[in-house]
Amino acid sequence: MNTPDRAFTRRLDLTTLQLFVAVCERGSIGKAAETEFMAPSAVSKRLSDLESTVGTPLLMRHARGVTPTPAGQSLLHHARSVLFSLDKMQGELSEYADGVRGHVRVHANISATVQFLPEDLGGFIRAHDAIKIDLEEHLSTEVLRAVQEGAADLGICHVGDEQALGLQTQPYRQDRLVLIVPGRHPLSGHAAMAFADSLDWDHVGLHANSSIYRAMHAAATATGRNIRLRIRVSGLDAMCRMIHNGLGVGLMPRRAFELMQGVGDLQAVELTDEWATRHIDLVARDFSSLPVSARLLVDHLSTQAAMSATPT
């Protein structure tokens, strides 16, 4: 198997993969055979045939049972992924039988999820109630990877310098980062300031791979300084609570902060830095080849974005 073999998948069968996973999880051919209602000899034969197919041992057999070899560990990972995808496919297909007429998998970053998607997706569902949308929130880098690998039909995130991935993008929305400070903080009296002027204070930050933190880190590095990071949190609501309780200051989109008013005694200070204005894009491998349901969603989101940008 040193070269790609198009016939390889024809020599595999799902039942054998399922048996292999069961044997690995139970550590015993006998226990797996009992669970799968098969004779141990039949399970053993299938596993031997599987090892012949892949051309390498997959299980180490010993007195207490079996354990996967390094190659077996690799196959176990891929077999679980295949079986999970099949279960998901079955679930989606059963929804079509129940009346669903489309299924769109969307991955979006936290900024898009909090600020814009609740209203935009709500309007889409009201107009297309037979289309189901699976929305997952991820970091922007993970959103791009999911679209590239086909795990998501549509991504919504800050693309930034990741355009080299070869994905297609369309503009969606724009947001503006602001500095959030406690109401009695020395910086609360400022109407606007440069981000560099906040580096004398402790910060509450998001995940190190989040687009907001990466922008902060780049800006601090450009000034030759470091961010005094006091704590990392996983969401904007948690950030507000930490800032309210004196753990530092933090950056978040202005609209997201406005939607969270009431979390604590907090104030937003405008940033004078150009990078504080960010663009959120729609991302796909190829917009023209998206399923009809996904293209309808892209058209709806683009229309909503255009309407929001039009002065009233």
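Biologist: Among contacts in the protein between residues at least 6 apart in sequence, what percentage join residues at least 24 apart?

Modeller: The model is predicted, so that local features need pLDDT of at least 70 and side-chain atom pairs count only at pLDDT 80 or more, while totals for chains, interfaces and linings use all residues. Residues are numbered from 1 along each chain as its sequence is written, and side-chain values use heavy atoms, without hydrogens and water. Contact here means heavy atoms within 4.5 Å. For pairs at least 6 apart, the share that joins residues at least 24 apart is 72%.

Biologist: Is His-158 buried or exposed?

Modeller: His-158 lies in the loop between β5 (154-157) and β6 (168-182); strands are DSSP runs of E, at least two residues, numbered from the N terminus. Buried means under 20% relative accessible area, exposed over 50% and partly exposed in between (1.4 Å probe, protein chains only). The relative accessible area of His-158 is 8%, and therefore His-158 is buried.

Biologist: Which residue has a side chain joined to that of His-158 by a polar contact?

Modeller: A polar contact is a pair of N or O atoms within 3.5 Å; within protein, one must be able to donate a hydrogen and the other to accept it, and residues adjacent in sequence count only if both atoms are side-chain atoms. A polar atom of the His-158 side chain lies 2.9 Å from the backbone oxygen of His-279. The side-chain partner, at 2.8 Å, is Arg-278.

Biologist: What percentage of the 312 residues in the protein is buried?

Modeller: His-158 belongs to the buried residues. Of the 312 residues in the protein, the buried share is 43%.

Definitions and conventions. Helix = DSSP H or I, 4+ residues; strand = E, 2+ residues; numbered from the N terminus.
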